[in-house]
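Good morning, and thank you for the time on today's agenda. Please bring up the sequence and the structure, and keep both in view while I speak.

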Amino acid sequence: MQKVVVNGVDGNFGKLVAEYIQEMIPKNKLIFTAPQADKLKKYADLGIQTAVVDFNSPDELVKAFAHVDKVLLISMPFVGKKRRQAHKNFVEACVKARVRQVIYTSVLSAGNPFNPSVENADHGYTESIIQNTDLDYIFLRNSLFAEAFISDYLRAVNNHENSIEKNMGNGRVWFISRRDAALSAACALSDDQLHRATLNINGLEPFTYTDFLKVGNEVTGNQISYVKKTDQELYDYFDKIGVPRNTDGDFSKSPIQATSEGMVTFGTSVREGYLDVPMSDFYQLTGKDPTTVKYMFEHKDEFLLGDRHSTEK
């Protein structure tokens, strides 16, 4: 194996991949990138090759990816045209640099054109442009990260709220931990058997949002209830409490570090069954069972969402 590139090691997901991959691949085979040099110092001090890379600077990408075997693309933390352009820059750079294989963190049902999630269009677009090159690839279609919902649950508890409003209806989700999804990415980077593969990275069991709250309440001793809302009612609620509609908004006073557009349309996807996908490739890829929702609530301080904002130019 030649060099393996892990992009975005300054982010919540990327730093977990960076942690896991060091146990799987020799350090002299690794390249870690981030948009800012100061975020890379701790890895350089460990003897790992680093590169400052901004996905809006194609020449930087080609230079960083030259003579490498595999590259991980962690989907960018903004949505829409800006993300699609950044991903396009990445794919074109991989082709020019003659990268052998791309690993991309996608989302369940990304290939379904009727999936109403606003994020789905970006993921479907990215998968498509990769498939239309001669690049080898592994698509990791992740389920919803439980961390987002645990963080929201704790927000309600800390604000002394008795209920949480969602538009998920009685739809089911096979929640996965972000930690497990990052482990999947590290395993895919170290795997030499998978080629042009699409994998579902799912949790152990399906949950309606009522089921999810039941586990949280039993573990923590709280009594948070679920108030079902329509899409528009939920948009109105998020607007009222100052949650930005999209990733270009101001999050400085938002009580939730996610966009209302993303949350509402993911809720619609859940309600309409697009994320009720029982097939999972997690165990076959990692050799481990995924972390349970109960365990995550029992160790809730380890499973929080964190900020989700880009440091790209």
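This is a predicted model: local features need pLDDT of at least 70, side-chain atom pairs count only at pLDDT 80 or more; totals for chains, interfaces and linings use all residues.

**Charged pairs, the sheet and enclosed space**

Asp122 is buried, its relative accessible area being 0%; here, buried means under 20% relative accessible area, exposed means over 50%, and partly exposed is in between, with a 1.4 Å probe and protein chains only. Residues are numbered from 1 along each chain as its sequence is written, and side-chain values use heavy atoms, with hydrogens and water left out.

Which residue forms a salt bridge with Asp122? The partner is Arg84, and the closest N and O atoms are 2.7 Å apart. A salt bridge here is a side-chain nitrogen of Lys or Arg within 4 Å of a carboxyl oxygen of Asp or Glu. This pair links distant parts of the chain, 38 residues apart: Asp122 sits in helix H5 (residues 118-131) and Arg84 in helix H4 (residues 81-96). Helices (H or I, at least four residues) and strands (E, at least two) are DSSP runs, numbered from the N terminus. In contrast to buried Asp122, Arg84 is partly exposed at 27%.

Glu92 and Lys88 join through their side chains in a salt bridge of 2.6 Å, N to O. Why are these two residues about one helical turn apart? They are separated in that way because they lie four residues apart in H4. Glu92 is partly exposed at 35%, and Lys88 is partly exposed at 30%.

A further salt bridge, at 2.8 Å from N to O, brings together the side chains of Arg245 and Asp239. Arg245 has 38% relative accessibility, which is partly exposed, and Asp239, at 36%, is also partly exposed. Asp69, Arg100, Asp136 and Asp192 are linked in a salt-bridge network. By the rule I gave, the count is 16 salt bridges.

Let me turn to the sheet. In what order do its strands lie? Seven strands make up an open sheet, ordered S3-S2-S1-S4-S5-S6-S8, with parallel pairing; two strands pair if DSSP finds at least two bridges between them. At the edges are strand S3 (49-52) and strand S8 (197-201), each of which pairs on one side only. On average, neighbouring strands are turned by 20° against each other, direction ignored. Axes are lines fitted to C-alpha atoms, for helices over the stretch in contact, and angles run from 0 to 180 degrees between N-to-C directions.

Helix H3 (residues 58-65) packs on this sheet and touches strand S1 (3-6), strand S2 (30-34), S3 and strand S4 (68-74), its direction making about 135° with that of S4. Helix H7 (residues 178-190) runs at about 165° to S4 and lies across S1, S4, strand S5 (101-107), S6 and S8. Contact means heavy atoms within 4.5 Å.

Asn200, in S8, stands opposite Arg141. Asn200 is buried at 14%, and its contacts beyond four places in sequence include Leu108, Arg141 and Val277.

Next, two backbone details in loops. Arg98, in the loop between H4 and S5, has a positive phi near 60° although it is not glycine, and it is exposed at 73%. Ser109, in the loop between S5 and H5, likewise has a positive phi, near 65°, but is buried at 16%. Most residues other than glycine have a negative phi.

How many cavities of 30 Å³ or more does the structure hold? There are three. On a 1 Å grid over the protein atoms alone, a cavity is a set of points where a 1.4 Å probe fits but cannot get out, and lining residues have an atom within 4 Å of a point. Grid points are joined across faces, edges and corners, and a volume is the space filled by probe spheres set on the points. The largest cavity holds about 50 Å³, and among the residues that line it are Phe175, Glu205 and Thr291.

Met296 belongs to helix H12 (residues 293-298) and is buried at 0%.

Terms used:
On a 1 Å grid over the protein atoms alone, a cavity is a set of points where a 1.4 Å probe fits but cannot get out, and a pocket is an open set with protein on both sides within 12 Å along at least five of seven lines; lining residues have an atom within 4 Å of a point.
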